[in-house]
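This briefing turns to the ligand site and the pockets of the structure shown below.

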Amino acid sequence: MDRGLLIVISGASGTGKGTVCKRLLAEIPNLFYSISATTRPARVGETNGVEYFFVTVDEFKNWIAEGKFLEYAEVYGNFYGTPAHKIEERLKRGEDVLLEIDIQGALNVMQKRPEGVYIFLLPPTIEELKKRIINRGTESAETFSRRIKAATNEIETGRKYQYAVVNDTVDAAVEKIKAIIAAERCKVIRNENLFESLTK
Ligand code: 5GP
């Protein structure tokens, strides 16, 4: 069995990656979500071990010292990290793994796992991004312009990914990502076992 795909999805804040990832997980069989560890408190409705492993800063630092993370980063003042162990197990079994992580984390994974599939989600227009950030709520004018500036910088970093997917509608974005995954699965380099079995 060939290894599964390591699929990494990031996007500027307000691009709707959470919604897109939930749909992908619901629609693609054999795709597993990598549950990150975080030091941020659980939000209402979140359960330990489902959305995240909620840990203390000390526990998080122990995990770092024990080399348990594939990557970790500080995002908005909290630590987030991708536990390495389960990912490797699944990829070895030929299962695909989805990481929904921030850009710094994704750039680190790119260094370690260049064979991964790196997808950057984009808003259709800058106006739409502004609208989505406003609709999210409670921003003061100053926070709002800071967030827009941050989002523009994040979008700039998207050039380093392999795929750019515009999230105009969730349906369309999900279809495009499914097409990317289907094409990646057909790459010759990922089908060594098939060639072997047909040429023996
Ligand atoms: P939230 O706290 O809203 O769930 O997530 C905040 C940000 O942290 C999002 O951009 C999310 O993609 C990112 N994030 C979640 N898990 C990880 C992780 O394991 N590593 C990194 N680098 N970022 C993460």
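Which helices and strands each supply at least two residues of the lining of the largest pocket? They are helix H1 (17–27), E5, E6, helix H4 (103–112), helix H5 (126–136) and helix H6 (141–157), where helices (H or I, at least four residues) and strands (E, at least two) are DSSP runs numbered from the N terminus. The model is predicted, so that local features need pLDDT of at least 70 and side-chain atom pairs count only at pLDDT 80 or more, while totals for chains, interfaces and linings use all residues. Residues are numbered from 1 along each chain as its sequence is written, and side-chain values use heavy atoms, with hydrogens and water left out.

**The largest pocket**
- The volume of the largest pocket is about 1,300 Å³, a volume being the space filled by probe spheres set on grid points that are joined across faces, edges and corners.
- Its lining has 41 residues, of which Lys17, Arg43, Tyr52, Tyr76 and Glu100 are the closest to its centre.
- A pocket is, on a 1 Å grid over the protein atoms alone, an open set of points where a 1.4 Å probe fits, with protein on both sides within 12 Å along at least five of seven lines, and lining residues have an atom within 4 Å of a point.
- H6 gives the largest share of this lining, seven residues.
- By residue class, the lining of the largest pocket holds 13 nonpolar, 14 polar and 14 charged residues, with Ala, Val, Leu, Ile, Met, Phe, Trp, Tyr, Cys and Pro counted as nonpolar, Asp, Glu, Lys and Arg as charged, and the others, Gly among them, as polar.

**The ligand**
- The ligand sits in the largest pocket, in the sense that more than half of its atoms lie within 2 Å of the pocket's grid points.
- Strand E5 (69–75) and strand E6 (78–83) are the elements that give two or more residues to the shell around the ligand.
- The ligand is surrounded by 15 residues (a heavy atom within 4 Å), and the closest are Ser36, Arg40, Tyr52, Tyr80 and Asp102.
- This shell comprises five nonpolar, four polar and six charged residues.
- A polar side-chain atom of Tyr80 is 2.4 Å from a ligand oxygen atom, and a side-chain N or O atom of Asp102 is 2.6 Å from a ligand nitrogen atom.

**The second largest pocket**
- The second largest pocket has a volume of about 310 Å³, and among its 13 lining residues Ile35, Phe53, Pro83, Lys86 and Ile87 lie nearest its centre.
- Strand E2 (31–33) and helix H3 (84–92) each supply at least two residues of this lining, and H3 gives the largest share, four residues.

Conventions: Polar contact = N/O pair within 3.5 Å; in protein donor to acceptor, adjacent residues only side chain to side chain.
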